[in-house]
Amino acid sequence: MTRYTVFRYLKEQRRGIPAVVKANLRGKTIVVVGANVGLGYEAAKHFASMNPGRLILACRNLQRGEEAISNLKLSTGFPHIELRILDLNSFSSIKHFVDKLDAEESRLDILVENAGIHANNKYETTKDGWSTILQTNCIAPALLAFCLLPQMIKTARQHSVTPRIVVTSSFMHHWSTLDKNSLILKSRNALKTMSSPEYFRKTSAQIQYCDSKLINLLFIRALQRKLSNELPIIINAVNPGYCVSNIRRNWTGIKALSNSFMEKIMAYTTEEGSRPIVHGAVGDLGHGFKSDSKQGGYINLDYKVVEPSDFVSSKEGIHLQDKIWDELLELLPSVGSNLEIIDQYLEHYL
């Protein structure tokens, strides 16, 4: 059993995170989504110190992205950093980002999907019609990973390397209520139900965030399981723990004051929280990981691959995982240009 109790949470927060892992990234291309602030920025800073061939920051805001690159170059002395605009709230932005990357980059070794938001008390949707938190945290990262898979597989074959996709998840997936939510489990389309005003009214912002982190895990496990064993690519979800983060920057009132107090007494620094992400991208997965495993790894704060919540591996969890996988595949036309390549690839190997 892997029940995540408050005692276990407090124990992990006090245990400390190992030193950052270093690797030789010479010649490799790395994309970090959501890299202008917070965990993504700190992870990018670590990658820059490992001398990659190219480090690409995928950011929503041009000015903030340029400031991040300027600061990274100044602090690390690494010059090969580029900015690409990517707005996860827009399927057309994903399409443009992928098309540009395919046209201008010859390889892609590491994709870090770190961008995410916390739900607020107002129901909001993107111009694509999905709730903002669901599209940003779950749907868009999954579609981006689908679209970039062909380039990563090509990289693996041409350069004899093992590319990796790293998705920032959270220990908070343990506190999701999807395992008890009949509205989701019995729905014909789980994602549309989770995106609905009805779901928003029946759940809190905190629960919606926990649910989104669970969806992240279900996606990476499905993706790793459905890839052919012959394809050298690894997909991981990473728990950065409770750390100082910009994801809560819009909180106000008592909630903001409470979070500020909690950060001071028990949160890891943002840099410390970035270390498990870096490990997922370049570290030796060792303990708990089998290279021929058909399931994605969930990397904890101590860099060990551990089992996620009981629901994830339950009959109901696997059913929801497969349902969400099918629903995500149906959304592939939304990001367009690589659809035929992806369809051929998925049909051939699944």
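Let's start in the sheet, where strand β5 (residues 164-168) and strand β6 (residues 234-238) run parallel and are joined by 5 bridges. One of the residues involved is Thr168, whose bridge partner in β6 is Val238. Keep in mind as we go that this is a predicted model.

Helix α11 (residues 270-282) packs on the sheet here, touching β4 (110-113), β5, β6 and β7 (297-299). The direction of α11 makes about 160° with that of β5.

Now step back to take in the sheet as a whole. It is open and built from 8 strands, in the order β3-β2-β1-β4-β5-β6-β7-β8, with mixed pairing. At its edges stand β3 and β8 (305-306); each has a single partner strand, so one side of each is left without a neighbour in the sheet. Helix α4 also packs on the sheet, in contact with β1 (29-33), β2 (54-59) and β3, and its direction makes about 145° with that of β3.

Is Asp87 buried or exposed? Its relative accessibility is 18%, and because buried means under 20%, Asp87 counts as buried. Beyond its neighbours within four places in sequence, Asp87 contacts Arg60, Ser93 and Ile94. With Arg60 there is a polar contact between the two side chains, at 3.5 Å. A polar atom of the Asp87 side chain also lies 2.9 Å from the backbone nitrogen of Asn89. Ala58 is 29 residues away from Asp87 along the chain, yet their C-alpha atoms are separated by 8.6 Å.

In one of them, Phe146 and Trp325, the ring centres are 5.2 Å apart and the planes stand at 75°, so the pair is edge-to-face. Phe146 sits in helix α5 (residues 132-159) and Trp325 in helix α13 (residues 315-330), so this pair ties together parts that are 179 residues apart in sequence. Both residues, Phe146 and Trp325, are buried. Ring pairs also bring in Phe219, giving a cluster of Phe146, Phe219 and Trp325.

Finally, the overall picture. The protein contains 14 helices and 8 strands, and 57% of its 350 residues count as buried. Among contacts with a separation of 6 or more, 79% come from residues 24 or more positions apart. The accessible surface comes to about 15,600 Å², and carbon and sulfur atoms account for 50% of it.

Terms used
Residues numbered from 1 in each chain as written. Predicted model: local features only at pLDDT ≥ 70, side-chain atom pairs only at ≥ 80, totals over all residues. Heavy atoms only, no water. Buried < 20%, exposed > 50% of the residue type's maximum accessible area, 1.4 Å probe, protein only. Contact = heavy atoms within 4.5 Å. Polar contact = N/O pair within 3.5 Å; in protein donor to acceptor, adjacent residues only side chain to side chain. Helix = DSSP H or I, 4+ residues; strand = E, 2+ residues; numbered from the N terminus. Areas by Shrake-Rupley, 256 points an atom, 1.4 Å probe, with all protein chains shown as cover. Phe/Tyr/Trp six-rings, centres within 6.5 Å; stacked < 30°, edge-to-face > 60°. Pairing = 2+ DSSP bridges. Axes fitted to C-alpha atoms, helices over the stretch in contact; angles between N-to-C directions.
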